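Please consider the structure shown below, together with its sequence. The paragraphs that follow lead through selected features of its fold and its side chains.

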Amino acid sequence: MALFSLFLKADTTPRRYSRRPMNWLRQSINLFLADRAKTRDVHILGVAEPLKEGEVALVGAGPGAPELLTLAALQMLNEADVVVYDRLVSSEILNLIHSDCQRICVGKAASYHSVPQSRINEILIERSAAGLRVVRLKGGDSFIFGRGGEELEQLARSGVKFRVVPGITAASGCTTYAGIPLTHRDYSQAVTFVTGHCKKDGKSPDWASLVASNHTLVVYMGRLAASQIQQSLKEHGMSERMPVAVIENGSRHNQRVLCGHLSQLSRLAEQAASPALLVIGEVVKLSEELSWFNFADQKNLAASALNHLDNE
Ligand code: SAH
């Protein structure tokens, strides 16, 4: 019931909102956004334990749409003295950070680290030692291809108190906003999340085990490796007619969903900008019927991408 007793306090007087969950949530978030300029005076109470001085919250920001932040993530942003964030965090979410809060961009991209991991660890440890309330903000979910575990290991070894707020991972958020159910009783009984980008000395995914039928494959960081992925899946027996989608900027206002077949995967990926997610499996064909977000735009984009490929 803690969730239903959320109070949003602007100025000094707490106000209670509707007990109907959706109205209550909408009112609370709208008020929070409206008051953002003076958010230091606005507290969301009763959702999570307040962030303590010297504590680090590792927070998943979701795939980009601000409405996909959890209430706990919003509370942590509201309470933070400093937010250390990655390049993948959308500008709409950065806009929710209050004006008194220090922001540090450590801009990680797959092939480029603007701040080395060791320095990121130092920043977190130094700020926590200074008694600040620190939010380490990452795209999606920190524990899914987010190196969240690696960062927490360093904090744990340094005796820093921390907590973790899960986020909606790209595989879930982007496919949902593209009208692609990851599982479906007729088409897919399993789903695998795999990375297309490995450590230089790391192992590649075992593609042979990933071509099973009735299975959805979601590839993170796969845009630049799409041609090798296409080749490997084909070599291990996947049909060239297997439906695929490349989702660019999933869940954001500029989302694009490019659909085709395995034989077109690398060319679809070439047309997409970062961040982009690859989805491979029969469930992709449902997006034709189930698209709901930016509906008209998506139809036109998918059609023009396919025309473009057909004309080549
Ligand atoms: N921790 C993140 C993933 C980080 S790896 C999560 O849980 O989502 C970065 C990769 O995630 C990108 O290369 C891309 O493949 C995918 N990704 C993240 N956000 C995305 C978005 N809004 N649209 C498309 N792909 C996204």
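Pro275 is situated in the loop that connects helix H8 (265-271) with strand S15 (276-280); helices (H or I, at least four residues) and strands (E, at least two) are DSSP runs, numbered from the N terminus. The peptide bond between Ser274 and Pro275 is cis, with omega at about -5 degrees. The model is a predicted one, in which local features need pLDDT of at least 70 and side-chain atom pairs count only at pLDDT 80 or more, while totals for chains, interfaces and linings use all residues. Residues are numbered from 1 along each chain as its sequence is written, and side-chain values use heavy atoms, with hydrogens and water left out.

Met221 is not a glycine, yet its phi is positive, at about 50 degrees. Met221 belongs to the loop between strand S12 (215-220) and helix H7 (226-235). With a relative accessible area of 34%, Met221 is partly exposed; buried means under 20% relative accessible area, exposed over 50%, and partly exposed in between (1.4 Å probe, protein chains only). Ser251, also not a glycine, has a positive phi of about 75 degrees. Ser251 sits in the loop between strand S13 (243-248) and strand S14 (256-261), and at 3% relative accessibility Ser251 counts as buried.

Attention now turns to a sheet. Strands of a sheet pair through backbone hydrogen bonds, either parallel or antiparallel. Here, 5 strands form an open sheet in the order S6-S5-S9-S4-S10, with parallel pairing; two strands pair if DSSP finds at least two bridges between them. At the edges are strand S6 (102-105) and strand S10 (162-165), each of which pairs on one side only. On average, neighbouring strands of this sheet are turned by 20 degrees against each other, direction ignored; axes are lines fitted to C-alpha atoms, for helices over the stretch in contact, and angles run from 0 to 180 degrees between N-to-C directions. Within the sheet, strand S5 (residues 82-85) pairs with strand S9 (residues 134-138) in the parallel sense over 4 bridges. In this pairing, Val82 stands opposite Val134 in S9.

Helix H5 (residues 148-157) lies across strand S4 (56-60), S9 and S10, and runs at about 165 degrees to S10; contact means heavy atoms within 4.5 Å. Which residues of H5 are buried? They are Gly148, Glu151, Leu152 and Leu155. Seen down the axis of H5, these buried residues fall within an arc of 95 degrees, so they line one face of the helix; the arc is that of the directions from the helix axis to the C-beta atoms. After H5 comes Gly159, whose phi is positive, near 75 degrees.

Side chains of opposite charge can pair when their charged atoms come close. The structure holds 13 salt bridges, a salt bridge being a side-chain nitrogen of Lys or Arg within 4 Å of a carboxyl oxygen of Asp or Glu. One of them joins the side chains of Glu55 and Arg163 (2.9 Å, N to O). Glu55 lies in the loop between strand S3 (43-45) and S4, and Arg163 in strand S10, so this pair ties together parts that are 108 residues apart in sequence. Glu55 is buried at 2% relative accessibility, and Arg163 is buried with a relative accessible area of 15%.

A network of salt bridges links Asp86, Arg136, Lys138 and Glu151. The side chains of Lys138 and Glu151 meet in a salt bridge (3.1 Å, N to O). Because Lys138 lies in strand S9 and Glu151 in helix H5, the pair ties together parts that are 13 residues apart in sequence. Lys138 also forms a salt bridge with Asp86, with the closest N and O atoms 3.9 Å apart. Asp86 is in the loop between S5 and helix H3 (91-94), 52 residues apart from Lys138 in strand S9. Lys138 counts as buried at 2% relative accessibility, Asp86 is buried with a relative accessible area of 8%, and Glu151 is buried with 1%.
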